[in-house]
Every structure is written in C-alpha cells, then in structure tokens.
Amino acid sequence: MARILLVEDDPLSRRLLRDLLTHRGHQLFEATTADEARRQIESVRPQLILLDVQIPGGGGEILLDHIRTREPPNRVPVLAVTALAGKHHEERLMRLGFDAYFSKPISTHTFGPAVESFLK
Amino acid sequence: MTVPLKILLVEDSLDAAAKLKLDLRRADFDVQWLRVETAAELREGLKGFKPSVILSDDELPRFSAAAALRMVQESGLDIPFIVLSETAGEDGAVEMLKAGACDYLLKGNLARLGEVIRRELKGVLTRAERDDFDAALRKTQKYLERTQESARLGSWIYTLDGSQPMIWSKETYRILGLKSDGFDGNPETLFSFTHPEDRERVSEARQQAIRGEVAYQLDHRVVLRDGSTRWVHEEALVERDQSGKPLRMVGSVMDITDLKASQFKSKFLANMSHELRTPLNAVIGFSELLEQEMFGPLSPRQKEYVQNILTSGQHLLSLVNDVLDISKVEAGRMELVREWTSLAQVTESVDRILQSLARKKRLTLKLSLPEDLPDVFIDPIRMKQVLYNLLANGIKFTPEGGMVGLSVCLEGSQLHLSVDDTGIGIPADQLSRLFQPFEQIRNRAGGEHEGTGLGLALTKSLVELHGGTISVRSEVGKGSSFQVALPMRTAALADFPVELETRDEDLILVVGDDAAACELLARHIRALGFAVAVAGSSESGLQLAGELRPVAIILDLQTPQIDEGWAMVKRVKNHPAIVNVPVIVFSVVPEPNRALYLGAMDYLVKPQTRDDLIECLARIGVTTYSLDGLRVLLVGRFNADLATLATNLRDAGCHLRATTRLDPYEFPQQPVDLLVANVLPEDDELNLGAAPDSLPIIRIVDLPSAAAGQSSKGGAEVLRADGLRPERLVRLIKGVAHGIEPDALTSRAKLIAHLRASILRAEGESKKVAVISVRLPQARAASILEWIAAVKTRLRPEDFLALAGDNDLALVAYGVDEDSAARLSGRLKDLLWTVGKMRPSRIDVLWYPANGKSAEDLMLNCDRTDPSEARP
C-alpha cells in the first residue's frame, strides 16, 4: 500500500487508474495541472507519481524537471502514462528522466504489478 | 596558302570564264568550277554542286543576274553572290546591291575579286557560327526551362539598385500563376504575391541576406491572383563587388505545396493516432475491469456485451497503431532495426498468437520452414508484423474448415515467403487496389470481414523497406496467395571488399567514382577504426547503405559528377531506411549551403586532411579511434605482416619503433605506451618477459595461446588473419593501451558477484535475470573471452559476459524477456563463430527466479542442466 499521485487531466483515464490502483490497496491522490501537482507533492509526499506528459498548464516535462531538481530524499519514481506512442517518444521520455513509460491504452492486467515494481 | 573553293559561275561566255579562272588561281585560290547559263541549270547546280560563292555576269541572253540572285535567296542558302559587270552602270550596281548582292565588280578590273571573296566567305562563317551559337543558346534555354518546369523550380535575378528590371524565368511566372507578360519587372510586384502573414518574415530574411548575416533561404506562402495559396521555397545568393557592396540577388523559387501537404498529412495522421489513445484508454481499460469482474459478477449476457466492446476497442487500437506506422512510413521516419535473425524464431512467435485464432475458426494453420535456413538480416519486429498481417488476413478471409499456410524457401540470393489460403479469394479487378491504404475489399462475403484496411498497405511498405517486393495471386472461391521476396544480404554483396560475416566495427560507406581518391579516403577511415565499403555509383551506394547500415556516408564528389552527387544526397534523405544516416560531402566545389540544404550533415572542401576527417566525424557524433601520439614498440622478425602492421599503425597516428627482440635496458631511455608483438611460431624468443608489468602488450598470433600451451601475461591476443585489418587493430589498441579494461576480462568470482548484485536488484524491481551459459568444445574460454571483449560491439552494453570455467562462458542479462534472451544467445553464438570459428557444444538459458534464487544456485544449475533440456 503506497501513496500514489496521479497527474492526469482526462477524467476517465483518472477514474480508470484510480479504481485499478485503489482496488490493489493503494491510496490515490489526484492532480489535473502542474501547479496542483506541485502543491500535492508538498502536502502528500507521494511515494510514486504517475504523470501524463501532456497535461495543460506548463506540461509534464517541466513538472518532471521540478520534481527531479528538488532536494533528496525525494527521489520518487515518476512514471509516464501518455498518449504519445512509439519508440521515438518512449526513448525521448526515458532520456528526460522518467523511470518508466506506459503508452495509452494501458493494459489493466499488467499495469498494477508494473507500477508496484517501482515501489520499495 | 591554297584555299579550296567551289565557284558557281553564271556566265555565257567561255572566254570570260577562262579569264576568271586564271585570275583566281593567281590570287591563290584552288578552284572547282561549275558554269551555268539558265535558271534550270542554276537550280540544279545549287542542289548538286553546293557552291561556296556565286559569281554572276549581269547580262545574259536567257537569264539575268537579278533573277539568279532571287533564286539563290529563295533557296535559303547563305551563299555570297557577287555580280561581275562588263560596263560601269551606277544604277544597275546600286539596284543589285540593294537586292542583296554582296558586291559589284567590273570585269575589266578584277584585282579586288580575291579580297572580296575572302571577306564574304569569312562573313558566311561568322554568320554560321552565330546561328550555331544562337541555336545552342536556344536549346540551353529550352532545356533550362524544361528542367525548371519538371523541378517546379523558377529563378530570378534582382538588381538591388533598381537600375535593371527584375528578371524572372518562365517557371517563376508559372509558379505564380501568371502569363509571361504579366510581370512588370518591379521587385515589389513579386513581393505583393507573398502571403500577408509571411511578408515581414520574407522582408527580414531578404535584408539579412543583403547585410550578409545569413543565407537567403526560407519557405513561405504565396497568394495567387486566383486567390489560391501555395507554398514556395526560396533561396538566393547575394552577388557583391570587390568592396563587398551587394549588387544583385540571384535566386530560385520552388513550389513545395505538395511536399508541405504530405508533411501536414503525416503529421495529422500521427496526431490523430495519439489523440485517439486517450478515449481508447477508457474504452479498453473499463471493459477489461468489467470483464475481469473486479467489482462484482456480470450476467452471461453482460459479459458477452463487455467482450464485444473490448474486442472492438482492441480492433480500433490496432487501426490506430497501423495509422501511426503508415504516417511514419509516409514521413520517411520508419526505421528498420535490422539484426541477424532466425526466421524460425519470428515465425514461432507469430504462430503462438495465431494458432488460437485459427482454432476458433476451425482452420488449419501450418507454418513450414526449411531446417537449414541461415539467419537473415532483417528487423525481427517488423518482419513479425508482416507475417502476422498476411497470416491473420488469410485466417480472416478463409471459411471454417479451410487451410492457411506459410512456406519459406531460399532461392539464390532471394528469400521467398508465401502465404496461401483456401479462402474466398479476391476479384481480379480489386487486386491492384489491395495494397493501397484504406482500400478494404468490399463485398467479400457480405461485410462480415472488418479489417483496418491498412494492414496490407503497411505490410507492403515494410517489405519494401527491407528491399523486397510483395505480390498477390488469387482466384475467387479458391483462395489467395501472397508472395514476398526479400533480398538476402550475404549473396548480394559477395563482390564487395567488406567481410560482412565478421564485421564487428562500425562501417563508413564511401561513394565516389574516382577509385584512387576513394581508396585513399578508405585508408584514412580504416586507420580511425572503421570498416569501409566503397561504392562506385550512387545506385550501388544506396543499395549498400540500405544493407550495411553505415554510421556515416561520405560522398566524394568530383567536378563532373557533382550533380549526380547532389541527387544522391537527396535520395539518401528520401530513403526511409537510411534517412538518418549522416551524409558528409567532400567536394572541390565550395557549395556548402546547397549540400546542407539537401540534407548533408557536413561539408568539406577538398583536399581534406586526416584531421579534417576526424573533426568532421566528431561533429556528426561519430567517435573515432585515433591513436595520435601513441608510442608503440613493434617487436618481432621483420616480415610482410610486420610491414603491414607498421603501415597501419603509422596511418593511425602512432609513433613507431621496432626491434627484433626485447631488450629490458632500453625501456628507461625510450618510453613506450604499448608493445605490439608479432609472434611467429618459429620465433620462440622475443623476450617479452622483459617488458615492465604495467606495459600493455598485444600479441599477433596464429593460434590462441591457451591452445598452443603458452602462458600469457596481461594484454590481449589477436589472430593474425584478423588482427592485421587496420580497423580491428585500431579499436583493439585503443582499448588496451588506454586501459579500458573490458568488463569481460573477469573471473568466475566476479561473475558470481555480478550475478548476486543483479539478483538483488531484480528482487527489488520484480524483474527477471537470464544467465546464458555457453559450453565451448575446448578449454579456451579465457582467450575467447579476450577476443570477444576486444570486439564487444554486438552485445548490449549492459550485458555482462564473464568466465564461468575453463571451457564455460556465461552472459548475465538483466531484465530481459524470453525473446530477447533467445536473441542474445543467438548473437553470442555468432560472436563465437566470428572470433573463434567455433560452435558451442551447449548453450543453456537459466532464469532467476525460476531456476534458482541465489547466484550460487543458478551457477550450479547451469553446470547441472541436462543437455536434453538445453535451449539452444
């Protein structure tokens, strides 16, 4: 059971991931913009972040940068969940510093265990 | 000097004729004569005799000089016509000259005749030259217009001080939708065509170019008089006087509307495919959750409905994926990742997926491959997609109880794949549209066959990216047969100097038609640690580039072939498989802008030096292995091998000294960085033991020392047959001399330690670890390992290869799946064959956590695995 922050602006994707992960016993926190996400990170101290790269208001890449430049011990796993599919996008996002890359649509069979593999 | 001259004389008097002959011979003319008296004779003479000069008497009984002149003029021939008169009559003379005679001379005074004839002949010659010149000019102009028309490229010249009107080529008018007289030469008129939103940008670009800051080069829109918008690409050079003052702009304008449209289309398709993923995420995700009954049970009917949604969602997803792939192909961004692949492995995984589909339809699905099929150089993922699409297509269109099959055969240099079904077949009139995107064949048994309509189009593109072809035969009611022919790389390249089977170095392709220049360049490149292939024409260059996947292409352009060279740059950039290979242009013509515009990454004006080459490769991100300044001591008997070695090392920038036998006392005086020993079987005493322990040694040997029973001290060993290849040698030395200790030179203890660390990590990350253990036929593991380490380019950098015993090697691969483990063991097998010409007696793959929970367990299990369970 972990505190997971879900940064995603599409309400149905948010609902899907929330139901899926809550069902597996995790505690979900949600944000729809980068600003909201920053506040949540301060208050909730999530153990893992799922980030839609294309969120409005500054975008996920800047948010990732923000998370990565904070002081340790906040080396929190940040996983990209994105509609940008293809090897080219995967490589680019991994280079940016995401810990993993999931392209939409996710597979509900493997998503849970895959996310949990990043939790200590 | 005697000038041969053909004179036609219009004259009735034989005496007068004889006198003329004499006069002209005196004037040094060598004359051929034809004398005529009548119009009919003259007509005949003009045709048959082909005179160069006509002399005409002005008074003839049955003819006149004036009539004769008219006839000559009407014939259209350019022959000087000189009138000779008995009497001096001002009027007659003026009249004849007016009518077009060249001169009017008195028969009594023919002193000037020779001079007049010479003058007139010269005039004829000049006129003929001018006509030829005019014709050539017209031809060139026509050719230029045609070329501009076909390229949709217009040109213009703009005099900056406005002293001359702006000049446009015909194509410029056509691009702007104007007639040739629709332009007043005012540059502002041209500007008025520019799209209002682009005007500022264009104007700024022009000013910057005139100020000499940047080249004038931009895409912008133009609005034609009919209101339509087109995209053009403009480029121009600014001509300056000696003080640098700008005089003229000479530019080109190209209609790129179609290009832009296809760029927009590809971009649109890619965007659409991304956009559709978000709703699909909900459709597929929620129906999966329902179907798993995660939040409560469903009634049988609800479950059926959910499955319908799910199937449709997945179908939609495959469509979206195909659209993305198609957009990549169309944008030229689809890249193949080719590797040596076992086709059996590709077909096996396709078989696994499709058997269940075939069973559901009660079809027989049979995939048959010849047993001795060699590995092929293909992109395994894309080839899987090709076979999957064709077979799934066959299954889809074959009724229950039918058969779908794949058969493969190798014929000469081609691999033939045939996918046959006993399905409903395709009407002949629809066959040609089959491979076009979105061309779902309709009326195939009443619309029950939903498909993406993209699968076959994509399949065709993927086959073509592999250099292959696809075709189809079909009979309605009987079935269809799809034939794929792929070129096999090995056979196609038998003539080329590169030994592909053993290539482990990166390769640079040199294209140029001056063999000597290319060979010199190739030598420089080899000395920087690269394999080289040389192509003599752009045609073979393109083919080689597709097959060899070089890290860079160097075009060595000679002046006469410059245009072919430009075309080659362009074609590389339009070639989906190699579009990302950087192209460097070497040329005597300083036209870097053009090269860069066409897509070249770098441009060097010849003659280029070795340093230029190194810098240039560094700029495009290719690491070179220069050994500049490395002090090497060559040890051994001087023979041809040592001479080759010395040349190669000198080419690579080493400082060389040579000695036949090592003398320990000379080290303190003359420091060296590396010893290269030419170990010959008959020379048992090179005294290598005298070298300081810290000094790296490379031994060039015929046989590996473990097999020869010698003990070896640090450093590396390299086979003579192989090690003399400069590119191999340079990489090896770079590794050894600069103390790049390859991971591989490790013992079993290090292996266990690494495996432990991997297991620990895998435990935390829920990953698998594969241990690929290789049993060698002889106890040569240590030396084999050294060689592999020296050429370690074909294993993934994160893989750890180590010694597991006297005749065992083990590769620890972290976080791989079964497919990639199988690929890795295949590569390992290749590598063993390449470096040691040996086939392993066994290859086992063990997994953490399936086959053992600790490093020691796993290694023990490796040793114990029953050979019958081994997965080669």
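# A walk through chains A and B

Start by selecting strand S1 (residues 3–7) and strand S3 (residues 48–51) of chain A: the two run parallel and are paired over 4 bridges. Strands here are DSSP runs of E with at least two residues, helices are runs of H or I with at least four, and both are numbered from the N terminus. Two strands pair if DSSP finds at least two bridges between them. What you have open is a predicted model, in which local features need pLDDT of at least 70 and side-chain atom pairs count only at pLDDT 80 or more, while totals for chains, interfaces and linings use all residues. Residues are numbered from 1 along each chain as its sequence is written, with chains lettered from A and ligands numbered from 1 in the order in which they are written.

**Stop 1: the sheet of chain A**

Now widen the selection to the whole open sheet, whose 5 strands follow the order S2-S1-S3-S4-S5 in chain A with parallel pairing. At the edges stand strand S2 (27–31) and strand S5 (100–103) of chain A; each has a single partner strand, so one side of each is left without a neighbour in the sheet. From one strand to the next, the twist averages 20°.

**Stop 2: A:Val7 and the cores**

Click on A:Val7, which stands opposite A:Leu51 in S3(A). Which residues does A:Val7 contact, leaving aside its neighbours within four places in sequence? Among them are A:Ala31, A:Ala37, A:Ile49, A:Leu50, A:Leu51 and A:Leu63. Contact here is a matter of C-beta atoms, placed from the backbone, lying within 7 Å.

A:Val7 also belongs to the largest nonpolar core, which has 75 residues; A:Val7, A:Leu50, A:Leu51, A:Leu79 and B:Leu391 touch the most other members. A nonpolar core is a set of buried Ala, Val, Leu, Ile, Met, Phe, Trp, Tyr and Cys residues joined through C-beta atoms within 7 Å. Buried means that 20 or more other C-beta atoms lie within 10 Å of a residue's own, exposed means 12 or fewer, and partly exposed is in between, with C-beta atoms placed from the backbone. A second, separate core has 67 residues, including B:Phe530, B:Val569, B:Leu649 and B:Ala652.

**Stop 3: where the chains touch**

Bring up both chains: 18 residues from chain A and 18 residues from chain B make the contact. On the side of chain A that touches chain B, H1 and helix H5 (108–116) are the elements that give two or more residues. H1(A) gives the most, with 6 residues.

**Stop 4: a cis proline**

Move along chain A to A:Pro105, in the loop between S5 and H5. The peptide bond that joins A:Lys104 to A:Pro105 is cis, with omega near -5°. For a second example, jump to the cis bond from B:Tyr848 to B:Pro849, with omega near 5°.

**Stop 5: helix H21 of chain B**

Chain B has 30 helices and 31 strands, and 35% of its 872 residues are buried. Pick helix H21 (residues 610–619), where the buried residues are B:Leu613, B:Cys616 and B:Leu617. They span an arc of only 95° around the axis, which puts them on the same side of H21(B); the arc is that of the directions from the helix axis to the C-beta atoms. B:Asp611, B:Ala618 and B:Arg619 are exposed on the other side of H21(B). The buried residues pack against helix H17 (515–526), strand S20 (552–557), strand S21 (583–587) and strand S22 (602–605) of chain B.

**Stop 6: two loops and a helix**

Select B:Lys50, in the loop between helix H2 (39–48) and strand S3 (53–57) of chain B. Its phi is near 50°, a positive value in a residue other than glycine. Is B:Lys50 buried or exposed? With 12 C-beta neighbours inside 10 Å, B:Lys50 counts as exposed. B:Glu293 has a positive phi of about 55°, and lies in the loop between helix H10 (277–291) and helix H11 (300–330) of chain B.

Finish on B:Val323 in helix H11 of chain B, which is buried, with 20 other C-beta atoms within 10 Å. The C-alpha atoms of B:Val323 and B:Gly455 are separated by 9.4 Å, although these residues are 132 residues apart along the chain.

Conventions:
Contact = placed C-beta atoms within 7 Å. Axes fitted to C-alpha atoms, helices over the stretch in contact; angles between N-to-C directions.
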